[in-house]
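Here is a walk through one protein model, from a sheet to its cores and side-chain contacts. Keep the coordinates open as you read.

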Amino acid sequence: VRLAVPALFKLLQLDEGKAKKPKLFTEDQKIWLNLILKKVPNPSKPIQIALPHSLHSTGSIEICLFCKDNEKEAIKKRLEKDGITEIVKKKYRGYEAKRRLCQMYDLFLADDRIYHLLPPYLGKKFFEKKKYPIPVSVTKKKLAAQINSICSSTYLSLGKGKCNAIPVATTSLDSEKIIENIASTVSSITTKIPRGWNNIQALYIKTTSTVALPIYNSITYESTKISSDETAKTIKMSISD
């Protein structure tokens, strides 16, 4: 990881140098941990993984919460009581409206009772941008505390295939904080996925604009027979980088 993170920043610098139009400000990008599994687990709700350093800046975070129509006013009052006052209610219909909605907010949350109903209504743009809504229990007390916890975490969604992309940092963080976030995420993943390390084929890190750099790979060669005068022995070799 300590070798891969500096190399990732060098790739970003090369990409900026090749850009046809110079940028006035360096664009902040997410850094993704690509998790390759050996076997696909059963589908589950997004798994929360606490991060030492938040993906979001210290300023305000624009959050959209999807909830039941008949509970909007009650939820609004609870949030206002906890100091969350800038609450906007609006309906978005049609492809263009949903695309604008996807761009407007940093984070999307959903009442866990209606979470499973949202994909057909949100459309593919949310999933292309990897802005999946995160389930939250609006019936529990301390709703604001739940939201604050979500803001300092990342999420892993299992069951959609062997390849999983997890946001772990942003390029605005310094290298040491990025390394800490990656190490903490990997450590948490091994305790939350079935079979732990034994189910991880490979790990890579990348940004939106760079190629993926490997930080771990587990390659297992199938049994190979070695013949001798006395007996045939079967050995199994494994290589871990």
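In which order do the three strands of the open sheet stand, and is the pairing parallel or antiparallel? The model is a predicted one. Its three-stranded open sheet runs β3-β4-β5, with parallel pairing. Strands of a sheet pair through backbone hydrogen bonds, in either a parallel or an antiparallel sense. β3 (63-66) and β5 (134-136) are the edge strands. Each has a single partner strand, so one side of each is left without a neighbour in the sheet. Neighbouring strands are turned against each other by 30° on average, direction ignored.

Now take the joins. Four bridges link β3 to β4, and these strands run parallel. Here C64 has F108 of β4 as its bridge partner. On the other flank, β4 (residues 107-111) pairs with β5 in the parallel sense over three bridges. L109 stands opposite I134 in β5. D111 has V136 of β5 as its bridge partner.

Look next at how β4 is covered. Five of its five residues are buried. In a regular strand, side chains alternate between the two faces of the sheet. In β4, L107, L109 and D111 point one way. F108 and A110 point the other way.

The structure holds four aromatic pairs. In one of them, the ring centres of F108 and F126 are 4.9 Å apart and the planes meet at 75°. Planes over 60 degrees apart count as edge-to-face, so this pair is edge-to-face. The pair links distant parts of the chain, with F108 in strand β4 and F126 in helix α5 (residues 124-128), 18 residues apart. Both F108 and F126 are buried. F108 and F126 also belong to one aromatic cluster with F66 and Y105.

D111 leads elsewhere, to K68. K68 sits in the loop between β3 and α2 (72-81). K68 and D111 are 43 residues apart in sequence, yet 7.6 Å apart in space, C-alpha to C-alpha. Leaving aside neighbours within four places in sequence, K68 is in contact with D111, R113 and I114. Is K68 buried, exposed or partly exposed? Its relative accessibility is 30%, so K68 counts as partly exposed.

What of the nonpolar cores? The largest has 27 residues. Within it, L33, L35, L156, I182, I189, L203 and I205 touch the most other members. Several elements give two or more residues to this core: α1 (4-18), β1 (30-37), β2 (47-50), β7 (163-170), α7 (175-192), β8 (200-207) and β9 (213-220). Which element gives the most? That is α7, with five residues. A second, separate core has 13 residues, including L107, L109, V136 and V138.

Setting aside neighbours within four places in sequence, I189 is in contact with L33, L35, I49, L156, I166 and I200.

Last, the cysteines. How many disulfides does the structure hold? It holds zero. C102 has 2% relative accessibility, so C102 counts as buried. C163 has 58%, so C163 counts as exposed.

Methods
Residues numbered from 1 in each chain as written. Predicted model: local features only at pLDDT ≥ 70, side-chain atom pairs only at ≥ 80, totals over all residues. Heavy atoms only, no water. Pairing = 2+ DSSP bridges. Axes fitted to C-alpha atoms, helices over the stretch in contact; angles between N-to-C directions. Buried < 20%, exposed > 50% of the residue type's maximum accessible area, 1.4 Å probe, protein only. Disulfide = S-S within 2.5 Å. Core = buried A, V, L, I, M, F, W, Y, C linked by side-chain atoms within 4.5 Å. Contact = heavy atoms within 4.5 Å. Phe/Tyr/Trp six-rings, centres within 6.5 Å; stacked < 30°, edge-to-face > 60°.
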